Amino acid sequence: MFLQALVCAIALAGASATDSKLARAYVDAVHDLNVKHARDPGKETEEELAKKLPPPALKALESLLKEKSSPELTQALQECSEAALDLARVEDFAKIRARLAKDAPADAAKLDTMLARPRFVLRGVGGLDEQYLEHFADVFQGVLEAYDEVFGFAEFSKVPGKKLRVRVHLEQKIERAPHFGPEFPYHSEIDFPVIDAKKLASPTPEGKMLFFGLCHELGHVIAMWDTPGKQVDYHQWADYTGFVIVEHLASRKDAPAWMKDLKDARWRTLTIQRKEVKDAKPALDSDKGVMATLIGLHDRVGPKTIGTAINALDAEDKRMRINRVRYYKFEELKKALLVVVAKDKDKKRAVEELLP
Ligand SMILES: [Zn+2]
């Protein structure tokens with residue numbers, strides 16, 4: 001009896017060691033590729049990077065998928081699933097998900113889902129199916145394209161080439177609004193809570209402006225200003241870009257179909273904000289002052305010029321970075337703007353008046 005138990009224990013330990021060894025091979029290979037890319041991104045896209053996964057790593061995953069069910073296997077598969085998400089390996093993710101679903105059919109509907117498009121990867125958490133992610137992807141892509149049309153920012157993710165991530169998670173109640181997660185080493189991620197697995201509507205019945213939140217968070221992804229302990233933009237930049245993008249999408253004559261459930265423009269637009277700060281003087285030492293400065297720049301030099309100046313700063317890449325996230329200062333923006341508007345007297349004067 002004792003001997004039998006011992007033999008069993010050894011067999012289990014053996015299985016678990018194999019599982020974790022196979023998982024390690026896959027996870028480490030993904031990690032190595034991401035580290036190498038982050039060190040020298042060049043022009044490489046994540047799609048190109050994902051194709052570089054060494055064949056032995058893929059073979060390890062294939063072998064793992066054939067292992068016997070056990071809690072150790074589940075854990076090993078979950079680790080590989082995280083790695084697949086980290087390198088936008090959609091097919092690997094799908095195979096792992098199918099195996100996890102087969103092993104625990106009762107929980108299958110709650111398993112994470114994944115969708116990748118050229119510019120981003122979505123992860124659905126807590127019971128959001130692929131159909132939901134498709135719809136969310138249309139919205140997110142539309143927002144990114146609006147940013148392209150209005151500002152023309154060249155860089156979104158903090159590591160060039162890496163796709164943006166949005167972690168969309170289903171909650172009973174939204175405790176924390178959408179937010180930018182700067183902590184991930186190889187990509188920029190937005191954390192996005194939702195309360196309805198069938199439909200993306202905003203504001204929520206409780207008044208949470210999820211759509212404005214998404215547009216706002218992309219502003220943070222593009223450019224951070226406030227640093228711990230030091231206020232620079234008084235958290236106005238992301239509000240400014242958020243207002244601009246919501247207004248842009250809501251006022252389009254050929255508004256996309258998905259806009260019908262996103263009604264934030266009734267409360268959050270640049271036009272509304274312009275009225276709110278109409279008595280505030282442009283300044284860099286208060287929230288209203290910064291908002292008046294940004295709206296002043298928007299109206300007098302234009303958002304494309306702002307985008308071009310930010311792109312010039314990114315191309316130089318001399319700004320401060322914390323955990324690879326880009327941080328900007330108004331002195332730097334002013335210098336870059338003055339180069340862009342050098343031949344336009346009115347715009348030059350606007351920059352000099354608005355940014356001391
Ligand atoms: Zn914010």
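The structure is a predicted model, in which local features need pLDDT of at least 70 and side-chain atom pairs count only at pLDDT 80 or more, while totals for chains, interfaces and linings use all residues. Residues are numbered from 1 along each chain as its sequence is written.

Helix 7 covers residues 210–222 and reaches 19 Å from its first C-alpha to its last, close to the 18 Å expected at 1.5 Å a residue. The expected span is 1.5 Å times one less than the number of residues in the helix. Helices (H or I, at least four residues) and strands (E, at least two) are DSSP runs, numbered from the N terminus. Helix 8 (residues 237–250) has 14 residues and also reaches 20 Å, close to the 20 Å expected. Helix 8 is mostly covered, with 13 of its 14 residues buried.

The domain assignment, automatic or from a database, gives domain 1 (12–106) and domain 2 (237–354). Their C-alpha centres lie 41 Å apart. The largest nonpolar core has 94 residues, of which Tyr26, Cys80, Leu87, Leu122 and Ile245 touch the most other members. Helix 6 (residues 130–150) gives the most to this core, with nine residues. Domain 1 and domain 2 both contribute residues to the core, so it lies between them. Such a core is a set of buried Ala, Val, Leu, Ile, Met, Phe, Trp, Tyr and Cys residues joined through C-beta atoms within 7 Å. Leaving aside residues up to four places away in sequence, tyrosine 26 touches Ala57, Ala60, Leu61, Cys80 and Ala83; contact requires C-beta atoms, placed from the backbone, within 7 Å.

Turning to the strands, strand 1 (residues 113–117) has four of its five residues buried, so it is largely enclosed by the rest of the structure. Five bridges join strand 1 to strand 2 (residues 120–125), and the two run antiparallel; strands pair if DSSP finds at least two bridges between them. The two strands form a hairpin with two residues between them, and alanine 116 stands opposite valine 121 in strand 2.

Glutamate 183, in the loop between strand 4 (179–181) and strand 5 (189–194), counts as exposed, with 8 C-beta neighbours inside 10 Å.

How values were computed
A residue is buried if 20 or more other C-beta atoms lie within 10 Å of its own, exposed if 12 or fewer, and partly exposed in between; C-beta atoms are placed from the backbone. Two residues are in contact if their C-beta atoms, placed from the backbone, lie within 7 Å.
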